[in-house]
Amino acid sequence: MATLYSFKNKNELSVSLAEYVKKVSAEAIARHGKCMVAISGGSLPKMLAQELITEEGKAAVEWSKWEVFFADERAVPLDHEDSNYRLNMEELFSKLPMDPSQVHPIDASLISGEDGSETDTTELADAYEKVLVKCFAPGDAVRHPTFDLVLLGMGPDGHCCSLFPGHELLRESVAWVVGIDDSPKPPSKRITLTLPIVGHANKIAFVAAGEGKRDMLRRIIENPEEGLPCTLVNITGGEKVSWFVDDEASQDITHYPIRKELNLANI
Ligand SMILES: O=C1O[C@H](COP(=O)(O)O)[C@@H](O)[C@H](O)[C@H]1O
């Protein structure tokens, strides 16, 4: 069962989220010498940056051991305002002691049309899957990449990565990365990790804050029968999943245990 942490405000959420990231990172590096991370876009990078780009945050994590991939990406040029790569670089990774080569973007040469609207998303997804194959198991065939940490936002419609409610891609069980051409949230062309890959990670963290997420958060947590994408990650990931939300977002949750403090021993 996923753990739900709710904090007084976004500031306290960011403080605990940073503690969680530090611990998960240290454990991964102790286990296999690196930390393989998948990250999404939206409001998440800013919340991570608050504590992690400080001098203390820079020193508390072995950033040189991180390899960063995208949980989802929009089929746009890397400097486009909709690019999750651009957002994460600007908000977070360019401010950390990391080499840019540690962050693995989509293959920009496959973006077609000025705004990416003519891109073949299957080709883009397949190319990104090859990046994962290469980075996770060089020269080796693996059934699933195991991310040490997947960091996700929650869309106000209950989507995560670029897996949208009711979409057929929620049933994908073979591919690691898939293309989507009909995202209900623009831009319509994207690529995304699939549910089995997200659920296979060692740790999965969701971040959601503010009144705008309140109703959907309640439905995700309390109405699993709706089968919303975030709920499916909760079900697949079970106790590996932690939610970091603020009290504004969790206010309507009455039938699920809410923890008010992060307990690092339980992670
Ligand atoms: O389109 C996307 O939206 C989600 C949620 O974003 P938020 O701004 O509501 O936090 C994000 O997680 C995903 O990466 C992005 O492509």
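Select Cys161, which sits in the loop between strands β5 (149-153) and β6; helices (H or I, at least four residues) and strands (E, at least two) are DSSP runs, numbered from the N terminus. The model is predicted: local features need pLDDT of at least 70, side-chain atom pairs count only at pLDDT 80 or more, and totals for chains, interfaces and linings use all residues. Residues are numbered from 1 along each chain as its sequence is written.

Phi of Cys161 is near 50°, a positive value in a residue other than glycine. Is Cys161 buried or exposed? Cys161 is buried, because 31 other C-beta atoms lie within 10 Å. The cut-offs are 20 or more such atoms within 10 Å for buried, 12 or fewer for exposed, and partly exposed in between, with C-beta atoms placed from the backbone.

Next, select Pro186 and Pro187. The peptide bond from Pro186 to Pro187 is cis, with omega near -5°. Pro187 belongs to the loop between β6 (177-180) and β7 (190-193).

Now show the ligand. Residues around the ligand include Ser40, Asp72, Asn84, Ser162 and Lys185; a residue counts as near if its C-beta atom, placed from the backbone, lies within 6 Å. By class, this shell has 2 nonpolar, 8 polar and 2 charged residues. Here Ala, Val, Leu, Ile, Met, Phe, Trp, Tyr, Cys and Pro count as nonpolar, Asp, Glu, Lys and Arg as charged, and the others, Gly among them, as polar.

Move to Val150. Val150 touches Ala38, Ala71, Val198, Ala201 and Ile204, leaving aside residues up to four places away in sequence; contact means C-beta atoms, placed from the backbone, within 7 Å. Val37 and Val150 have the most contacts inside the largest nonpolar core, a set of 80 residues. Helix α1 (residues 10-32) gives the most to this core, with 7 residues. Such a core consists of buried Ala, Val, Leu, Ile, Met, Phe, Trp, Tyr and Cys residues joined through C-beta atoms within 7 Å.

Then select helix α8 (residues 229-237). Of its 9 residues, 7 are buried, so α8 is largely enclosed by the rest of the structure. Among the buried ones are Cys230, Leu232 and Val233. The cover over them includes α6 (195-199), β8 (204-208), α7 (214-222) and β9 (241-246). After α8 comes Gly238, with a positive phi near 50°.

Finally, show the whole chain. The chain has 9 helices and 9 strands. Of its 267 residues, 46% count as buried.

How values were computed. Contact = placed C-beta atoms within 7 Å.
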